[in-house]
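Take a look at the model below. The text starts from a single residue and then widens to the chain.

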Amino acid sequence: MSDGDDEYEVGYGRPPKKSQFKKGRSGNPKGRPRGAKNYKTIVKEALDRKIEIKVNGRRMKVSQYEAVVTRVAGDAMSGKPRQMAAFLDLPHRFGLIEEEERLVRSMSEEDRLILERYVKRRVDQVLKVLS
């Protein structure tokens, strides 16, 4: 360089000093602003947001996600077929069925029989209420 500064060779990957980005300055000033949220974050925050609902005359603060699941469960128990299908699909969707099956496989035969009798009795009670 001719102006007496320390030697700096311009070339591939070494632009002239005057055209380099200044310290503290972004190379993309109109880019994504800090703190901008993506779709997944926005949905997660919305589902986690607490709301107040009334259950059996009592007010409770729950996440919106919990409120939706509670509503679907209530509608399913009221006999709405679409809500029943949606509610019964939830354990499969979240991988809970595989976990239950693994636990059942590790049970003793006696425990399995007790559980089956209990489930049959509860199903009979629900069917009796629905009919």
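Is P91 buried, exposed or partly exposed? P91 is partly exposed, with a relative accessible area of 24%. The classes are these: buried is under 20% relative accessible area, exposed is over 50%, and partly exposed lies in between (1.4 Å probe, protein chains only). This is a predicted model, in which local features need pLDDT of at least 70, side-chain atom pairs count only at pLDDT 80 or more, and totals for chains, interfaces and linings use all residues. Residues are numbered from 1 along each chain as its sequence is written, and side-chain values use heavy atoms, with hydrogens and water left out.

P91 sits in helix 3, residues 81-93. Helices are DSSP runs of H or I with at least four residues, strands are runs of E with at least two, and both are numbered from the N terminus. Leaving aside residues up to four places away in sequence, P91 touches L96 and I97. Contact here means heavy atoms within 4.5 Å. Helix 3 itself has 13 residues. From first C-alpha to last, helix 3 reaches 18 Å, close to the 18 Å expected at 1.5 Å a residue. That expectation is 1.5 Å times one less than the number of residues. After helix 3 comes G95, whose phi is positive, near 70 degrees.

Now step back to helix 2, residues 64-77, which holds R71. R71 is exposed, at 58% relative accessible area. R71 and Q83 are 12 residues apart in sequence, yet their C-alpha atoms lie 9.1 Å apart in space.

Side chains also meet around a ring. K17 lies over the face of Y8, 4.6 Å from the ring centre. To count, NZ of Lys or CZ of Arg must be within 6 Å of the ring centre and within 35 degrees of the ring normal.

What about the whole chain? The protein chain has 5 helices and 2 strands. Their order along the sequence is α-β-β-α-α-α-α. The radius of gyration is 31 Å, well over the 14 Å that the globule rule gives for 131 residues, so the protein chain is more spread out than a compact globule. That radius is taken over C-alpha atoms, and the rule is 2.2 Å times the number of residues to the power 0.38. Along its principal axes, the C-alpha trace spans about 95 × 40 × 25 Å. Of the 131 residues, 8% count as buried. Among contacts between residues at least 6 apart in sequence, 8% join residues at least 24 apart.
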